[in-house]
Amino acid sequence: MTRLARHRLLPYLLLLPGTAWLLLFFGVPLAQLAAASLYDPTGSLSTGYAMTWALGNYPDVVQAYWPQLSRSFGYAGLALALALLLGYPLAYAIARKAGRWKNLLLVCVVAPMFTSFLVRTLAWKTILSDSGALVGLLRDVHLLAPDGRLLATPFAVVLGLTYNFLPFLVLPLYASLERLDHRLLEAASDLYASPVQAFRRVTLPLSRPGLVAGTLLFFIPASGDYVNAELLGTPNEYMIGNVIDSAFLVRLDYPQGAALSFLLMAVILAVVFGCLRRAGTEEVW
Amino acid sequence: MTGMARETPAGDLRLANLTRRFGALSAVDDLSLTVGQGSFFALLGASGCGKTTTLRMIAGLEEPTSGRVLLGDRDITALRPYRRPVNTVFQSYALFPHLSVFENVAFGLRRRGIRPVDGEVTRMLSLVQLDGYGSRRPAQLSGGEQQRVALARALVNRPQVLLLDEPLGALDLTLRRRMQVELKRIQTEVGVTFVHVTHDQEEAITMADTVAVMNAGRIEQQGAPADIYEFPATAFVANFLGQSNLLAGEAAGVSGGDVVVTAQGARFSVPVGRARAERGPVQLGVRPEKLRLVGSADQVPQGHQHVTGVVTDASYLGVSTQYLLRTGWGAELSVFVANSGTSTPVPVGSTAAACWDPRHAFLLSASS
Ligand SMILES: Nc1ncnc2c1ncn2[C@@H]1O[C@H](COP(=O)(O)OP(=O)(O)OP(=O)(O)O)[C@@H](O)[C@H]1O
Ligand SMILES: [Mg+2]
C-alpha cells in the first residue's frame, strides 16, 4: 500500500469503530422502533404484532395524547424561559465579573451533577412537600392558601425541569461570554452605545452561539423528560415522556410508544434545525 | 447632521493636573496640556510611559485618580464615554466581528439615532478608499484595511476630538507612509482635533503640528516638531527624538552673549538663546548631522568648535554614513556625513576632529 493510499484510508479506519457502534446500538434499534410504530395496533406483546404499515398510529396517538404532547413542550418552554432568566445573568456574572472566583463558581454550577438525577429530584420532592418548611413559611405569610400546595402542581414540575437542566444552558453560555473581548464593549461605549445598547448590540449577538447551544442542550432533554413529572407532579402534569414510559413498560402497547417516540424526535429535530437555521442566517461567526 | 458633535461648539482640549495611579505606580502623573482645536497633536514616548492611559482618560474609559479633562469650557471628567464627543481608533482596532464593515462604520451614527446613515457611511468608506467593502466582515480584511475601517468608524461621527492609539503600528512601512499622508489629508479635510499616539518619531515629526514627549507619566517637552528637535529641553527628549551627542561639562556664566562651558579641559561656548542653564553642571549637546568630520584640528573652519578623537566605526546608512569618534577621555560621538558624493570616506582607525558651529549646539541642565 502506498503512503498516499494509507493517508486516504486513515480517516475511514478511525471512523470505523464509532460507526459500527452507532449502527449496532443506535441504527438497529431505531429501525426496530420505526417498524414497531407501524405495527397493527390491535396486536399485543403476548399474541405478537403484525406489520401492517399502520400509518394511522400517528394521528391516533396525537389525538389520544394531545394534552401530554402540548404539555411537554409547554413545560419545557416555560422551564427554558425561567432558565434563561436565571442562567444568562449567572453565566454573565461568572464569565465577566467573578474574577478569581470564576473556577469555584463554575464548580458550583456543575456540583449538583455529582449526585444522581433521581436523588436530586427526590430532594426537591422533600423540599416542596406539604409538611415541609417552605410550604409552611409560604402559608404563614399568606403567599399560599392554608390548603395550598407546591408539590404535585405544574409549578413543581417546571421548577424541577429548570433546576435539573440549568447547567446545560449555563455552561455553553459561559463559554461564549468568557470569550467576548472586553475591548469590543469599550469600543461600543466609545461609539455612543449606552450600557444597555452595548449589551443588545454587542454582548447579546456575540453570545448567540452559546445561547443556541445552551437552548438546545436544555430543551431537548427537558421536553422528553418524565422523571420530574413523575416525582413532582400528578398524572395531571404528565408529559409525553411519561406516556411513552407507560406505553412501553406498563401498558405494553409497543406501536403506540414507538409512534410517540418518533413523533417526539421529529418535533425536537424540527426545533433544532429551526434554531440552527436561524442562528445561521444571523451569521454567528 | 444633528449629532452631538455639532450641538456644542468645539474648543481646545485641556488636561489639567491629570493623574492616574495603579497601586503605587503613577501611570500618568500630574499631566497638564492643551491641544488646540483642529490641531494635530502627537504624543510620543517610550513603552509604558502612560500614553494609552492618557488617551483612555480623555475617552472616558479610565477614571482619573485626580485632575480634570476639559473640552472648551466644558468639564467632561465625569461624563460617561458614550456621552463624550470623542472617538477612538484603538490600537487593536476592536472592530465588531459580527457586523459588516458597513454596520461597523454606521454603529456610532445608529446609536445616536441618526437616520439615514447610508450617505454618510458610503462617503466615509470612500474617504478611506474602501468603496465596495461595505458587505465584508472584519475577518475578511487585511490588517491595513481593518485599520482604515477603524478610522472610518470613528471619523464618521465627526467627533470634536479623535484619539488615535498607535493606529499604524501594525502596518508595513510602505502602507504606513501612505496612511500617514492619508490621515493628514483627512485631518485637514474634516478639521477634527487629532491626538495621535505613536512610537514612530518620524511619524510624529512629519504629521503633527505639536509634539509632546512623555516620560514616566509626565510631559517632558511639547512644542512644534522642529522646535523640539532643534532645541530639546531635556536629555531624555534629546535622545528620544532623534539622536544627540551629549558632553558633560561645567557652565561658568555668560560672557558676551555666550555661555562658557568647560568640558574635559576644553572650552566651548553656546549662544545664550540656546542654553537652558548658565551655571553649574550641564550637558553640551550637538546633533550628529550638525557635526562635520575633518582630518585635524588645523582644518576646523573659523568660528567652529571641535573635539578630536579616533574613528572607531563607520557604518554606511544609504543617505549618510555614520562615524563613531572616540575622544581622548572615552566619550563616543556620532557623526552623520551625508553621502553627497563630495566627501571622501574616512578610514576607521585614523584620527579626526569633529567640529560644529556653536549656533547648532544646545546646553541642557545636567539634572534634567
Ligand atoms: N489596568 C492597569 N492596571 C495596572 N497597571 C496598569 C494598567 N493599565 C496600565 N498600567 C500600567 O501603567 C503604565 C502605563 O501604561 P500605558 O498603557 O498607558 O502605557 P503606554 O505608554 O501606552 O505604553 P505602550 O507604548 O507600550 O502602549 C504601564 O506601566 C502599565 O503597566
Ligand atoms: Mg499604549
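In this predicted model, Glu186(A) and Arg56(B) form a salt bridge, with their closest N and O atoms 2.7 Å apart. One salt bridge is found across the interface of chain A and chain B. Polar contacts between the two chains number six residue pairs. On the side of chain A that touches chain B, α7 (182-190) and α8 (195-206) of chain A each give two or more residues. The most comes from α7(A), with seven residues. By class, this side of chain A has eleven nonpolar, three polar and five charged residues.

The size of an interface is often given as the accessible area lost when the parts come together. Chain A and chain B bury about 2000 Å² between them. Carbon and sulfur atoms account for 62% of it. Asp190(A), Leu191(A) and Tyr192(A) supply 39% of the area that chain A buries against chain B, more than any other three residues. The contact involves 19 residues from chain A and 26 residues from chain B.

Polar side-chain atoms approach oxygen atoms of ligand 1 at several points. The distance is 2.5 Å for Thr53(B), 2.7 Å for Lys51(B) and 3.3 Å for Glu166(B). On its own, ligand 1 has 630 Å² of accessible area, and the protein covers 61% of it.

How values were computed:
Residues are numbered from 1 along each chain as its sequence is written. Chains are lettered from A and ligands numbered from 1 in the order in which they are written. This is a predicted model: local features need pLDDT of at least 70, side-chain atom pairs count only at pLDDT 80 or more; totals for chains, interfaces and linings use all residues. Side-chain values use heavy atoms; hydrogens and water are left out. A polar contact is a pair of N or O atoms within 3.5 Å; within protein, one must be able to donate a hydrogen and the other to accept it, and residues adjacent in sequence count only if both atoms are side-chain atoms. Accessible areas come from the Shrake-Rupley method with a 1.4 Å probe; for residues, only the protein chains shown count as cover. Contact means heavy atoms within 4.5 Å. Buried area is the accessible area (1.4 Å probe) that two parts lose on being put together, summed over both. A salt bridge is a side-chain nitrogen of Lys or Arg within 4 Å of a carboxyl oxygen of Asp or Glu. Helices (H or I, at least four residues) and strands (E, at least two) are DSSP runs, numbered from the N terminus. Ala, Val, Leu, Ile, Met, Phe, Trp, Tyr, Cys and Pro count as nonpolar, Asp, Glu, Lys and Arg as charged, and the others, Gly among them, as polar.
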